[in-house]
Number of protein chains: 2
Amino acid sequence: MPTYRAALRIQLRKQILDVQGKAVEHALHALNFTGMHNVRIGKYVELLITADSKVAAEEALRKACSQLMANPIMEDFWIDCCEEVS
Amino acid sequence: MPTYRAALRIQLRKQILDVQGKAVEHALHALNFTGMHNVRIGKYVELLITADSKVAAEEALRKACSQLMANPIMEDFWIDCCEEVS
């Protein structure tokens with residue numbers, strides 16, 4: 001079966017206060033990076049998926065995100081790429 | 001001054017064991033997502049930068065990453081995009 005390299009982004013929904021982002025923003029301002037604002041921090045996950053096809057790999061990844069990797073109430077996720085490696 | 005929307009990825013270096021990734025991998029296998037492996041979890045940061053030019057914005061972001069957002073000993077970072085929004 002072919003293996004696919006996938007990457008996904010998980011971010012807090014826009015409506016939800018990102019406290020980690022706020023903390024980093026304050027720290028940036030304290031270090032004189034005053035031009036930086038609206039900092040939002042999410043997760044970036046890279047993984048390999050062995051599946052029958054690219055469609056099956058993406059489908060499995062979407063299911064895994066909904067069930068485990070992302071919190072569907074507070075977070076949105078995007079599958080950034082899913083390409084065959086072998 | 002124009003504002004730029006920037007996005008950056010911060011990942012643990014390949015040589016360093018990603019314990020969070022390993023934990024997610026085990027949990028995926030426990031949920032029967034057995035085809036998923038080599039999970040590596042990093043950070044994804046989105047922010048707005050007010051700067052004179054795109055080059056200045058990227059330069060400031062690179063400096064901020066080295067000084068605060070990434071740990072240069074354990075992590076690599078990539079600036080994924082930096083585009084003008086206003």
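1. Buried area is the accessible area, taken with a 1.4 Å probe, that two parts lose on being put together, summed over both. With that in hand, welcome to this predicted model. Chain B and chain A bury about 2700 Å² between them, and 66% of that area is on carbon and sulfur atoms. On the side of chain B, the residues that lose the most area to chain A are B:Met36, B:Tyr44 and B:Glu46, which together make up 21% of what that side buries.

2. Who takes part in the contact? Chain A gives 31 residues, and chain B gives 31 residues. Of the interface residues of chain B, 100% are also interface residues in chain A, so the copies meet through the same surface.

3. Two copies of a chain are related by a rotation about an axis and a shift along it.

4. Now for polar links across the interface. Between chain B and chain A there are 12 residue pairs in polar contact, with both residues at pLDDT 80 or more. Four elements of chain B give two or more residues to the side that touches chain A: β1 (3-12), α1 (19-30), β2 (36-50) and α2 (54-69). Of these, β2(B) gives the most, with 15 residues. Sorted by class, this side of chain B has 18 nonpolar, 7 polar and 6 charged residues.

5. Which strand of chain A pairs with β2(B)? It is strand β2 of chain A (residues 36-50), and the two pair in the antiparallel sense over 11 bridges. Two bridge pairs are handy for finding your way along this pairing. A:Val45 has B:Ile41 as its bridge partner in β2(B), and A:Ile49 has B:Met36. You have met B:Met36 already, among the residues of chain B that lose the most area to chain A.

6. Strand β2(A) also has a pairing inside its own chain. It is joined to β1(A) by 8 bridges, and these strands run antiparallel. One of the pairs to look for is A:Thr3, whose bridge partner in β2(A) is A:Thr50.

7. Salt bridges deserve a point of their own. The whole structure has 8 of them over all chains, and the count between chain B and chain A is 2. In one salt bridge, A:Arg9 is paired with B:Glu46, and the closest N and O atoms are 3.9 Å apart. Because A:Arg9 lies in strand β1 of chain A (residues 3-12) and B:Glu46 in strand β2 of chain B, the pair joins two chains. B:Glu46 is also named among the residues that lose the most area to chain A.

8. Most residues other than glycine have a negative phi. A:Asn38, in contrast, has a positive phi near 50 degrees, and its place is in strand β2 of chain A. B:Asn32 is not a glycine either, and its phi is positive at about 75 degrees. You will find B:Asn32 in the loop between α1 and β2 of chain B.

9. A last stop is B:Leu12, in strand β1 of chain B. Leaving out residues up to four places away in sequence, B:Leu12 touches B:Leu17, B:Asp18, B:Arg40, B:Met74 and B:Glu75. How far is B:Leu12 from B:His29 in space? The two are 22 Å apart, C-alpha to C-alpha, and 17 residues apart in sequence.

Technical notes: Residues numbered from 1 in each chain as written. Chains lettered and ligands numbered in written order. Predicted model: local features only at pLDDT ≥ 70, side-chain atom pairs only at ≥ 80, totals over all residues. Heavy atoms only, no water. Contact = heavy atoms within 4.5 Å. Salt bridge = Lys/Arg side-chain N within 4 Å of Asp/Glu carboxyl O. Polar contact = N/O pair within 3.5 Å; in protein donor to acceptor, adjacent residues only side chain to side chain. Nonpolar A, V, L, I, M, F, W, Y, C, P; charged D, E, K, R; others polar. Pairing = 2+ DSSP bridges.
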